[in-house]
Amino acid sequence: MAVGVGGEILPETLEKMVDNCSAIFVDIQALIRVFETNERVKLGLIKESGFYHLLPCVSSEEALFMDMEKVRQWCCVVVTHGKDGCGIYRKDGKIKIEPFGANQMDPTGGGDSFLGGFVGGLVHGLGVHDAAFVGNFFGSLSVAQIGLPKFDLRLLQDVMKEKTVVAL
């Protein structure tokens, strides 16, 4: 698994990881950040980054920097929509994974918790749809707390019994 913050992973390194790993998860911000000479950071276009041929999971803001129709033809793309859940885009169609209601207290870590739940679901044998559902669950728990989130396995087990997947 590779999750860069910005500039840590070169395209050549990520490409070798793709060749040698069954699954790679990358925060697209790490791939589209451009460091300017005045030490400012801006988001560039993925087509200009050298990573364009290696994409997976993005937020709705990050998706604006991609040609989603082209990218989903050769990989599964999961786009997070914050309080509105997430969408899964594949060659064969689009699916919306419904959100969990949360009283947002602090948005810090919501996307990271989504990614942790999503990857954890995949590692434990769930399909992409169910893993995205778990990601939404963990993201909602995270934003409803201040500080380091506390998770309860029993709550996850109850939620998995009542999951909802809706076609986009």
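Two residues are in contact when they have heavy atoms within 4.5 Å. That idea comes up again and again below, so keep it handy.

## What you are looking at

This is a predicted model, where local features need pLDDT of at least 70, side-chain atom pairs count only at pLDDT 80 or more, and totals for chains, interfaces and linings use all residues. Residues are numbered from 1 along each chain as its sequence is written, and side-chain values use heavy atoms, with hydrogens and water left out.

pLDDT is the predictor's confidence in each residue, on a scale from 0 to 100. The chain averages 76 on that scale, and 68% of its residues score at least 70. Among the elements, helix H6 (residues 128-143) has the highest mean pLDDT, at 91, while strand S7 (residues 165-167) has the lowest, at 44. Over residues 164-168 the pLDDT stays under 50, and the model has 16 contacts beyond four places in sequence for that stretch.

## The overall layout

Helices (H or I, at least four residues) and strands (E, at least two) are DSSP runs, numbered from the N terminus. The chain has 7 helices and 7 strands. Follow the sequence along and you get the pattern α-α-β-β-β-α-α-β-β-β-α-α-α-β.

A residue is called buried under 20% relative accessible area, exposed over 50%, and partly exposed in between, using a 1.4 Å probe and protein chains only. Of the 168 residues here, 38% count as buried. The chain exposes about 9,800 Å², with carbon and sulfur atoms supplying 55% of it; such areas come from the Shrake-Rupley method with a 1.4 Å probe, and for residues only the protein chains shown count as cover.

## H6 and its two partner helices

Start with H6 and helix H5 (residues 110-123). Their axes come within 7 Å and cross at roughly 145°. Axes here are lines fitted to C-alpha atoms, for helices over the stretch in contact, and angles run from 0 to 180 degrees between N-to-C directions. The crossing of H5 and H6 is right-handed; a crossing gets that label if the near helix is turned clockwise from the far one by less than a right angle, and left-handed if anticlockwise. Residues that meet here include Gly110, Ser113, Phe114 and Gly117 from H5, and Ala131, Gly135, Gly139 and Ser142 from H6.

Now for H6 and helix H7 (residues 153-160), whose axes come within 11 Å and cross at roughly 135°. That makes H6 oblique to H7: angles under 35 degrees count as roughly parallel, over 145 as roughly antiparallel, 65 to 115 as roughly perpendicular, and the rest as oblique. H6 passes H7 in a right-handed crossing too. On the H6 side, Phe133, Val134, Phe137, Phe138 and Leu141 take part, and they meet Leu155, Leu156, Val159 and Met160 in H7.

## Two residues in H6

Gly139 sits in helix H6 and counts as buried because its relative accessibility is 10%. Not counting residues up to four places away in sequence, Gly139 touches Gly110, Ser113 and Phe114. Gly139 and Gly82 are 57 residues apart along the chain, with their C-alpha atoms separated by 8.2 Å.

Ser142 is also placed in H6, and at 2% relative accessibility Ser142 is buried. Beyond its neighbours within four places in sequence, Ser142 is in contact with Asp106, Thr108, Gly109, Gly110, Ser113, Pro149 and Phe151.

Over in strand S5 (residues 86-90) you'll find Ile88, which is buried at 1% relative accessibility. Setting aside neighbours within four places in sequence, its contacts include Cys76, Val78, Gly93 and Ile95, along with Val128, His129 and Ala132. Ile88 and Cys76 are 12 residues apart in sequence and 7.0 Å apart in space, C-alpha to C-alpha.

Gly93 belongs to strand S6 (residues 93-97). Is Gly93 buried or partly exposed? At 24% relative accessibility, Gly93 counts as partly exposed. Leaving out neighbours within four places in sequence, Gly93 is in contact with Arg72 and Ile88. From Gly93 to Arg72 is 21 residues in sequence and 8.9 Å in space, C-alpha to C-alpha.
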